[in-house]
Each structure stands twice: as structure tokens, then as C-alpha cells.
Amino acid sequence: MKLTKYLILILLFALPLKLILAQGGKITGRAFDAKNNEPLPFTNIVIYGTNIGSTSDLDGNFTFTGLEPGYVRLAATSVGYKEYISEDILVTNAKSVFIEIPMKETAVQLDEFVVTASPFRRVEESPLSMRSLDISEIEKNPGGNRDISRVIQSLPGVSSTVSFRNDVIVRGGGANENSFFLDGIEIPTINHFSTQGASGGPVGIINVDFIREVDYYSGAFPASKGSNLSSVFEFKMIEANKEKMNYRATVGASDLGLSVNGPITENSGLLLSVRRSYLGFLFDIIGLPFLPTYNDVQLKYKWRIDKKNEISLIGLGAIDQFELNTGIEDPDESQRFILNALPVNEQWSYTVGIVYKHFRDKGFDTWVLSRNYLDNRAYKYFQNNEIDSLKTFDYSSTEAENKLRYEHLSRVNGYKITYGAGLNYSQYTNRTFQQVFNTQSETINYNSELNIFNWSAFGQVSKSILKERLTLSLGLRMDANNYSESMSNMLDQFSPRFSASYALTEKFSINFNTGRYYQRPAYTTLGFRDNEGMLVNKNNGLTYISADHLVAGVEFLPDRNSKITFEGFYKFYQNYPFSIRDSIALANKGGDFGTVGDEEVRSESDGRAFGFEILAREKDFKGFNIILSYTFVRSEFKNIKEEYIPSAWDNRHILNLTVLKSLKKNWDVGAKWRFVGGPPYTPFDVLKSSIRPAWDVQNSPYLDYSRFNTLRYGNFHQLDVRVDKKYFFNRWSLILYVDIQNLYNFKFEDQGFYTNLDENGNLNIDPATADLPYDQQKYNLRLLPNESGTVLPTIGIIVEF
């Protein structure tokens, strides 16, 4: 511990404080009409909260120079347009920052009622259940460690698992009910070592270096945002530097990274980053039984052809490697259990796409062509002896999607009109060999291949009336595919949605949304076959899952930097896949590693999630940035008896408090306290688990699904703190940070685990059955307590030049 303290002091204070600084940072940008991309000359732009200003030229361009380094926002005004307040921008001496300012027309006259401009984002289609995080809140998020997948877990309504994964659980929905977009490209995989059929994993793939803002929808989904049931996340990337190439090197909690940002030609720019983890090296040193290594790459190339046309190339890829640390000398009981139970898992994935935009006089067209791919492999041998006769599990699967989407957006006579369509050609393969035990030992052995065409159409119309006090939005969407007759009729997935917002005063508004949303089951479920090669779930009439949403709330804006909201929500699920083997809805699965959905199901489960959220945000309370949110949520699904029982995500209480503060001399401090109510859990079936053939094919205990979620864990809470120090030199910048997770060392105790070994690591066979045939033998299982949670300090170094 002393060594850690000394290292922190050296990193933070070793540099001379009297090094000569540069003359200041620089911001360049362009103000333009959001509907047609036409430049807006004579737009007034100021540094928000100051008197420092600039005016755009005839091409809409503007420049600020000599700025003090740090985070700033811009405010822009122009006659006939709504005031615009930008997200936070980090100004340094090492590079200039380029920002685009899209201005929206207003029909309100100067002497009429006006809704005051605010830095809090709002769109017509989603007047509620939509939040945003900007780069300063992402970069400095305590406990986030610059992992965007972890940062979003602090948003209202988002729960998390105690296993410290990046699962996204929104308003009591399942881990597979979310959609993710990166600059308009849909990304099915955002985490390393992801759970196939869901969305979680231990570490995020997206590099926060290139993210300027995240928009999060927990309801009121725009019709253009795909088919999903619980949430939509839009990750928006920065624009490339237009003056010179800049570089950023990072040493983080688990990886090393290098990013490039700069122009390629006068009208094009490049963002490129690569990262490689050193977790395998660290885990080997401290004696953990598994050694993961991940690599990722992120790319954006944008070419502005002319004022009316632009093309962006977006790429995101990952390679995840994994091995068991079987070389541990004298492993303890926990290490032995993990080594015997955990399969080797390796993945690689990528998403690449092209976004073409053509601007018209009153709107623009967007064409998106993309491909995403996932290769997921896992295998396990009994006691890790790699002999074919001892193989218990061998899994190899691929998912590929080739997508084309067209979207038109225009503003005509005060109406915002969006419509479009999409095509998706999907390919799925699965080769599975698995030893299982139900009432006796069995083998699952099948090969599956699917080729599926998916198609969709959508449209939405929004309009503000009554001097822009009342905003209404009506959207429609339909999806279908050729997997089966039960999914091929678009009218069966007719998805209407309606939003309304009324401003009672300039600061107070009431908001409402209702809609029916559909989502296709995971490819793992579509492609499951029995040993005879039959598509079991297709024969069972598998169909789309539906969720009816009802959301209502109020919003109060005390001033331009503050926001308080209250929202009540209700979600009703129908046709959720119901596991024939375990007699539970698949919504309860997906919070662990491996795969989810590759089993026999029927589309017959109903569920519901309901509750309320309170959010209070203050961007500048005496220099403090404060985010406080509380969510009460109940999540229930019907069991085989048609009775509602708590789902795996029935946390009930979720409380987040994040406080950030910028101090003098470029110091930043922050703290985050998180409370999550204890989730329900299912006890082990000790009798079944003790049967030797049953244990040997799984090397871990079986859950007793007849007592599904009848017990509940204790509450979880944790305090994370972070300190940042920035040094801005003439041609380069240095950022140092210390992040400490679980500062007061909270310990979470789960139900423990059983082992079939004695204290010496030998098989612990019940003496009464030792002389019986193998299939009649039993183990004497021992319950070992298990708790998680430790103080986890991290030091980060960022160099920009």
C-alpha cells in the first residue's frame, strides 16, 4: 500500500509547475441549418457563462483562440433559430478542437412565449425518458475507468449485476433488450467477451477518446431506432481535427492505447485508435485462475464531398483471447473450482459501415450500409485434461448481419417528418457438442445454419403547436423476416407510438408517451436444433416479443443549468420465449458469461415491469456538477403456473449520486455512490448436483428451478472516487488520474458455491456409493462461502501531442 501511495505522489507532483505554458487553446467550428446543412453566417457564438464571443463568417465558420485549457461549452444564437448550447468540449494547447453547431428554425416570434434554451437535450419524438451524458461526465466518471459501457450504468433506470459486468438492465427489462448505435451504425456487440444472445461483458469495446456525447432512451423510442424493448443508446463521435494530426497515448486500468486524430485532405479527417489489454499479465502475477487478453480498434473517416453530400466510414472491432491459468502452484479451493468449471472462451467481432448523407432544401437523406460479425468459440474438458474422450463442451458459432437502411428527415411548415426502410440479410451458424444431465446423462450434438432476410419500414411525424407550448409526435414501425410464417407478416408487428409534451410555463412541462414495441428473438434461439437437426423453436411457433409501454412525467427547469424530472412507467411483455427445460422466461437469463437462448422455448411467457424515476441534475452549482437519480422498479414474469414471480432484475431500489468538481490549477475531483437493492436468486439443487454423472458434465452445482427466485440477496452499495490533474504545455498535454473503486471496502456475500473435492483437492465420493457403478455414485458436496468486493485503486496516464 505504501508503494501505491508513493507512486501516486510521484505521478501527480514530479513535474515542475513552472514549465512554460502555451498562449491558450483553440476552437474552430461551423454553424449551419440542421435541416439542409446550409451555412449560417453572422451566428453569434459565445463561451457559455462568459463574455468571450465570436461570429460566424459567410461560410458559417468561426474561431476562438487564446482560450484557457479545460472543459467549456458554446452557446449559439441566430435570428429565426432556436438558441443552441453545445455539449462540453475539452480545450487543450496540444490541438485545436472542431465542433459543428446545428441550428433549428423556430416559428415563435420574439414577443411570444419561448422555452428557454438548455444544455439538456430533448427531441420531439422523445420528450421524456431520454438523457444525455457529455464527454466531461464520461471522462471523469468515478469508478468508470473511462469505460463507456460501465459509465452508462450510472444513468437513471439502469441496474447492474453484482458480478461487476457491463450488463445493461433498463427499467426491469432483460439484458438482451437494448440497441446501440455509433454515429448511426447499429452495433450488436459493445463489450469484450460478450454474452452471445445478450449484451453484457466485463469490458467495453468503444474507446471513450472519440466519444463526445451519449444519448440514452429508456422509453419513447423514435420509430427509426430499430426494434428493441428496453433502451436505445446513441454514441456520438467527435469530428476530426482539421489542422494537423494529433496523437493520444493512454495507460488505463487494464489496457494500453494509442489514438490518431487529424486531417487526411482539406475536406476529410480520420479518427483511429488501437488498444491492447495487459490483464493476462496482471492476473498471472496475482495468481488468478484465468488469463484474459483483449484487443480492439475503432475508426471514423469522414469526407465532406461538398455542401450537400458527405460520407462517413465507421469501424469497430475486437479480438478476445482467453486461457486457464493451470500453472498455479497449490491452488486454493476457490481457484480449483473456477479452473474445473470455467470453459475456455475466445471471440472476435467487428462492425463496419458507411453512412452517406445528401442534404436537400428542407431536409436530408441518409443511407447506411453496414456489416457486423461475431465469432464465438468455447470448449471444456473434464478436469482440463484435453483428451477427446473427456470433452464435455465444444461450442462454435458465428453471427453475420448485412444491413441497408434508408432514412429521410425533413421539416416542412413546422412539421418534422421522418420515414424510411431497412433490409437485413443475416447468416447464423452453430456447432454444439455438450454433455448434459437431466434425469440421466445425455449428449446434445447438432450443427445449425440459418440464412434469414429481415425487412422493416417506419415513419414519424412531429409538430409543435400553440406557440410551441404543445408538441405532438406519432410514429409507426413494422418489422418482419422469412424465418417462419409466424414472423413474416409485417402487420403482425405493427408498432405504433405516440408522444405529447405541454409546457405549462417556461420552466415546467408535463410529458407522456405510449407505444407497442417488438423485438425478434436472438439468433441463438432461432437456430437451436435437436440432435435430429429439426429447428425445434420454429416448429414451436416462435414469434416476435412485444412490450407495451406507458410513461408519464413532469419536468422542471429551475434555471439553464438545472433539471428535475419525475417519471412513472409501466411495461407489459407478451410472447417472451419460455424455457421448456427450466420453466422460466428467457428474460431472466443473460447476466452471465457464455450464451443465452440456445435451448428449446415457446413464445408464451408474459411479464411486467413498473415503477418510477426521479432525476435531479445540476451542471453548475457553485462549481459542482451533480447527478442524483432514484429508481423504484418491480420486474416480474409468469412461471409455469401462470403466476407472477420476481425476475432476476427485480432490484426494486436503484440510487445513484455522482458529484464532480473542477478546482483551480486544473484539478478535478469526483465521487459516485451507488445503491442497488438485493436481487432475487435461486437456491442450488444439492440432491441433483451430488449425483456424480450430473456434476462431472458441468463441474458446478445445478439450480433448483422449482424454487426459482424464492430467496433474495442483501443490498449492494459502493463508493467510488476519482482525482484528475491536467498539465497543459506548449505542444503537448499530460493528464493523470487516480480512480478508487469501493473506497470503504464493501463486501457482498452471495450464496457461495459447492465443491466436489475435499480439502486436499481429491474427489470427495460418498463412501456409501463408492463401490456402486459410476452412474449410481454420489459426491459429498461441501458448501464454501463466497464474497466479492475489494478496494480497487487505479492509476491512469494520458499523453496528448
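**Reading the model together**

Modeller: Gladly! In helix α5 (residues 333–341), the buried residues are Q335, R336, F337, L339 and N340. Please bear in mind that this is a predicted model, where local features need pLDDT of at least 70 and side-chain atom pairs count only at pLDDT 80 or more, while totals for chains, interfaces and linings use all residues. Residues are numbered from 1 along each chain as its sequence is written, and side-chain values use heavy atoms, with hydrogens and water left out.

Colleague: What makes a stretch a helix or a strand, and what do the buried residues of α5 pack against?

Modeller: Helices (H or I, at least four residues) and strands (E, at least two) are DSSP runs, numbered from the N terminus. The buried residues of α5 pack against β23 (309–324), β25 (363–381), α9 (692–698) and β44 (753–755).

Colleague: Which residue caps the N-terminal end of α5?

Modeller: That is D332, with a side-chain oxygen 3.2 Å from the backbone nitrogen of S334. A polar contact is a pair of N or O atoms within 3.5 Å; within protein, one must be able to donate a hydrogen and the other to accept it, and residues adjacent in sequence count only if both atoms are side-chain atoms.

Colleague: Why is I85 called buried?

Modeller: Buried means under 20% relative accessible area, exposed over 50%, and partly exposed in between (1.4 Å probe, protein chains only). I85 has a relative accessible area of 2%, so I85 is buried. Its place is in strand β7 (residues 84–85).

Colleague: What makes strand β13 (residues 178–182) largely enclosed by the rest of the structure?

Modeller: 5 of the 5 residues of β13 are buried, so this strand is largely enclosed. N178, F180 and L182 cover one side, with S179 and F181 on the other. In a regular strand the side chains alternate between the two faces of the sheet.

Colleague: How do you know that β13 pairs with strand β18 (residues 231–237)?

Modeller: Two strands pair if DSSP finds at least two bridges between them. β13 and β18 pair in the parallel sense over 5 bridges, and F180 has F233 as its bridge partner in β18. Strand β14 (residues 185–186) runs antiparallel to β13, joined to it by 2 bridges, and F181 stands opposite E186 there.

Colleague: Which residue takes a positive phi in the hairpin of β13 and β14?

Modeller: D183 does, near 50°, and the hairpin has 2 residues between the strands.

Colleague: What makes a set of residues a nonpolar core?

Modeller: The members are buried Ala, Val, Leu, Ile, Met, Phe, Trp, Tyr and Cys residues joined through side-chain atoms within 4.5 Å. The largest such core has 35 residues, and those with the most contacts inside it are I138, I211, V214, F233 and F235. Among the elements that each supply at least two residues of this core are β13 and β18.

Colleague: How confident is the predictor along the chain, and where is the pLDDT below 50?

Modeller: pLDDT is the predictor's confidence in each residue, from 0 to 100. The mean for the chain is 91, and 95% of its residues reach 70 or more. Over residues 1–22 the pLDDT is below 50. Where pLDDT is low, the predicted coordinates should not be read in detail.

Definitions and conventions: Contact = heavy atoms within 4.5 Å.
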